Each structure stands twice: as C-alpha cells, then as structure tokens.
Amino acid sequence: MGVVTITPVPRVGIIVVAAGSGTRLGAGAPKAFVGIDGHTILRHALTGVFAAPSAQVVVVAPAGREGDALTEALEAAPGRRDLVTVVAGGATRQASVAAGLAALWADVDIVLVHDAARALTPPEVFERVIASVDAGAAGAIPVQPVIDTLKRVADDRIIAAVDRSELSAAQTPQGFRRDVLDAAYAAATAEFTDDAALVAEAGHAVAAVPGHPLAFKITTADDLDRARHLLSEVPRGSAAAGLAREVVAPRVGMGTDVHAFGGEGALWLAGLEWPGEQALSGHSDGDAVAHAVVDALLAAAGLGDIGTHFGTDHPEYAGAHADVFLRRTLVLLGEAGWRVGNVSVQVQANRPRFAARRREAEAALSAALGGAPVSISATTTDGLGFTGAGEGVAAFAVALVVPA
Ligand code: CTP
Ligand code: MG
C-alpha cells in the first residue's frame, strides 16, 4: 500500500516584480533578463527566493516574456513547478504588484513583494520579514542605515544638514498581511514609491527589520558591475563577502548516521513512512538517511554538524521528520552562500527493502532540498555486523555544495 504524502499549501506568497524595462541600466534588454555572471538578474533573485521558506512564488514578467521567466524559475528551483505562477506586469511597478496580487492562491495570508533587481538578497532577509508579519505586524520592511552624511541641496547650494540617525534606506522583500495589502491596493488612487508607503497611507503601522548590504538594487551599470564583482569572489551572503579574493570552488562533505530498531510507532526512513516495519529509536524520528544527508551538507558547507543545529537542546525537533531537517539545512546553506549540487546516500540494512520505493524516497528528499538531485542506494551486509544482525540501520551520505 502506498503512502499518500500531502504537501501543505504555503501560507506565504512571494511576488517577484520583474516587469520593468531597465531604462537606467540601458542594457538593451528588460533588466530581469540581463546577465550578471552566467545567470540573469531574475535567476539570481529567484535562487534567493526559493532558498527562503516554502512559498507560492508569483513572478511578474514583462508582457511576452512569461515563458522565459518560467524557464528561469524552474532552473532556480528544479521540481518546484507546483509553487510557481507567472503573470504579465503593467506599465508601473505598482500595476505590476497589483497583477501579482491577483494571482495569489486563496490560502496565502502573508505576502512579500520583492524587486527582482535586488538579485543578491540573502534568504535571511526573507525570513526576518516573514517572522515580523507572522508575529503580528501589519507590514514589515528591511532597512539599512544611511552611511553618508546627508544635506538638503537646492540650486547647487547646501540649504540644511539632515539628521541621518532618523533615516534608513528601504529595501525589499516588503511583507504584509494579505488582507492589509489587498485593501491598500484596492484603495490606492496615487502612485507610491514602494508598497510600505501605500500601506502606511492606508493607515497601518509598518515595522522595520534589519536589511542586508547584498540586498542593494541593481539600477545602473555601476550596480551591475558591483554584483558581478561580488559573484566572482565569494559565495553570496558569506561573512567574507567583498573581502576574499579567491574564486570559490564546489565543496564535498560526508555524513553517517546509525539508529537502532526499537522506537515507538511507525518506521520513518529516507523521508517516507514504512507501514508494517519496525520503528527506529532516536531524538527525532530516527531517520538515519536524512540525518546522514544533513551532516554531509553541513560538513560540505563548513557549518558544523547536525548536533550544532538540531541537538537535543532543540526540543522543537523532537519527533520531526526528514523534510523539517532538510528544509532548515537548505536555509542554513543559503545564508552561507551555498546551494546543493547533489547528494548520494547509501543505506545498510536488512529491512526495509528500498527497491520498490527508491524513486519515491529520492523524490521526497529531493523536494525537501529544493529539487537538488538525491540518489539512494541500499545494501545488506551479508549477515555481518549490527546491520546484518538486524539490530539497526546505518546510512552514509556524500554531498556536493556549490556557490549560490
Ligand atoms: N518593475 C515592474 N514593473 C514595472 C516597473 C518596474 O515589475 N512596470 C519592477 C522591476 O522589474 C524591478 C523593480 O520593479 O525589479 C524595481 O524597479 P526599477 O529598479 O525601477 O526597475 P526598472 O523599472 O526596470 O528600471 P528603470 O526604472 O531604470 O527603467
Ligand atoms: Mg523603474
């Protein structure tokens, strides 16, 4: 009997506005489709979006370029076609956001609006904005301190100094309760420079959360040069961004895990429930395959191991299944500037038999890793050792991570 896995409908919708023409960049193509390195601005923006918590992603593309936008989305997140909606934008940014709003699923109750032009925005900024709205804010936007001394100038003369301590630069993604943003857009009669201004005009308080220097907007040719420079040097989001000089190569990591049979309830292994099989014991669900994969990924990225991030001092992971561990690992990797290349894992156990459910297990793990390929091999150990004696399961994983 097969196990039905129900993927929950995301509560978060991220509208990525990419329909602008890029007049100031002047690259001869709509800005979203201009290349930074081997990849376009839109592709980089979507890589960051998909590394954030699972959400419906609405890409607002220039009219006529919807197919190209979908291709970029599927390359940024292979296997996540189910989460992607593409619509055509309007003549202004505000009209483009409105087109995105109209395409949100009914279940979405938190909406983030993000400029594709902020192509290098790290996933942690999305997380902070979502957390603020989730905690009760009507809206939340990322801000950065203003560094330069500011003056009010008219006709080439300094009129006044401006107190910089009260000023912040607004970035995106800007997040809102869905009902608040829908109502503000329905009521808007003028053009606003950003969504926060429109929502503030409708009478709502908007919270500020820390933004990120990498969330800068690519507006001019100089900005594009800066993005190119950053991408050629270090994985985005890493603490060393802008400092290191060497090109970052892919990295491998390995992980192993062992769990003994004798847990309560059903067996969970490789992200699947195995009805009728003996359960494994462990702090979480005892899924040795998933835990070996997490260790391999963290080791590859140099981020410690499973105990560092998910140890017994994190009660929220008690009883958690593979997807919770893997999705969190993906976020940790994204924040450090890595994405998953591929994962290979071998299971040593007498039971369960993987042959009939190998593809299903690979698909489950791959989905939790944002679509990265996962291959599973399984073997018995000829009656030798604890796995041969049927006392437990061992798993060995190798993972490749590449700069995001
Ligand atoms: N945008 C949009 N629809 C528009 C105008 C802008 O979706 N009609 C999007 C852009 O694609 C961009 C974001 O809004 O991701 C911020 O706009 P901006 O940086 O001004 O981009 P462009 O309008 O493309 O650039 P320019 O103003 O230089 O023409
Ligand atoms: Mg513009």
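Leaving aside its neighbours within four places in sequence, which residues is Leu-297 in contact with?

Modeller: Some ground rules before the answer. This is a predicted model, in which local features need pLDDT of at least 70, side-chain atom pairs count only at pLDDT 80 or more, and totals for chains, interfaces and linings use all residues. Residues are numbered from 1 along each chain as its sequence is written, chains are lettered from A and ligands numbered from 1 in the order in which they are written, and side-chain values use heavy atoms, with hydrogens and water left out.

Now, your leucine. Beyond the neighbours within four places in sequence, Leu-297 is in contact with Thr-329, Leu-333, Val-340, Val-343, Leu-369, Ala-399 and Val-401; contact here means heavy atoms within 4.5 Å. Leu-297 also belongs to the largest nonpolar core, where Leu-269, Leu-297 and Ile-376 touch the most other members out of 48 residues. By nonpolar core I mean a set of buried Ala, Val, Leu, Ile, Met, Phe, Trp, Tyr and Cys residues joined through side-chain atoms within 4.5 Å. Buried is under 20% relative accessible area, exposed is over 50%, and partly exposed is in between (1.4 Å probe, protein chains only). Helix H8 (residues 288-301) supplies the largest share of that core, with 11 residues. Helices (H or I, at least four residues) and strands (E, at least two) are DSSP runs, numbered from the N terminus. Apart from this core there is another one, of 30 residues, including Leu-42, Val-57, Ala-116 and Phe-126.

Zooming out, the chain is split into domain 1 (12-243) and domain 2 (251-403), with bounds that come from an automatic or database domain assignment. Their centres, taken over C-alpha atoms, are separated by 35 Å. Where they meet, 12 residues of domain 1 are in contact with 13 residues of domain 2.

Val-331 is worth a stop. You'll find Val-331 in helix H10 (residues 322-335), and with a relative accessible area of 7% it counts as buried. Neighbours within four places aside, Val-331 is in contact with Ala-51 and Glu-127.

Ser-54 sits in the loop between H1 and strand S2 (56-61) and is partly exposed, at a relative accessible area of 39%. Not counting residues up to four places away in sequence, Ser-54 touches Pro-10, Val-12 and Leu-83. Gly-28 belongs to the loop between strand S1 (12-17) and helix H1 (41-51), and a relative accessible area of 82% makes Gly-28 exposed.

Then there's the ligand. Ligand 1 is surrounded by 18 residues, the closest being Val-17, Thr-23, Lys-31, Ser-96 and Lys-217; a residue is counted if one of its heavy atoms lies within 4 Å. For polar contacts, read a pair of N or O atoms within 3.5 Å. A polar backbone atom of Val-17 is 2.8 Å from an oxygen atom of ligand 1, and a backbone N or O atom of Ala-19 is 2.9 Å from an oxygen atom of ligand 1. Ser-96 uses its side chain, with an N or O atom 2.6 Å from a nitrogen atom of ligand 1. Taken alone, ligand 1 exposes 560 Å², and the protein buries 88% of that (areas by the Shrake-Rupley method with a 1.4 Å probe).

Thr-172 and Pro-173 are joined by a cis peptide bond, omega about 10 degrees, and Pro-173 is in the loop between strand S8 (168-170) and strand S9 (174-177). Another cis bond joins Arg-351 and Pro-352, with omega about 0 degrees. Ala-270, not a glycine, has a positive phi of about 55 degrees; its place is the loop between strand S12 (267-269) and strand S13 (272-274), and at 0% relative accessibility Ala-270 is buried. Asp-382 also has a positive phi, near 60 degrees, but Asp-382 is exposed, with a relative accessible area of 72%.

How values were computed: Polar contact = N/O pair within 3.5 Å; in protein donor to acceptor, adjacent residues only side chain to side chain.
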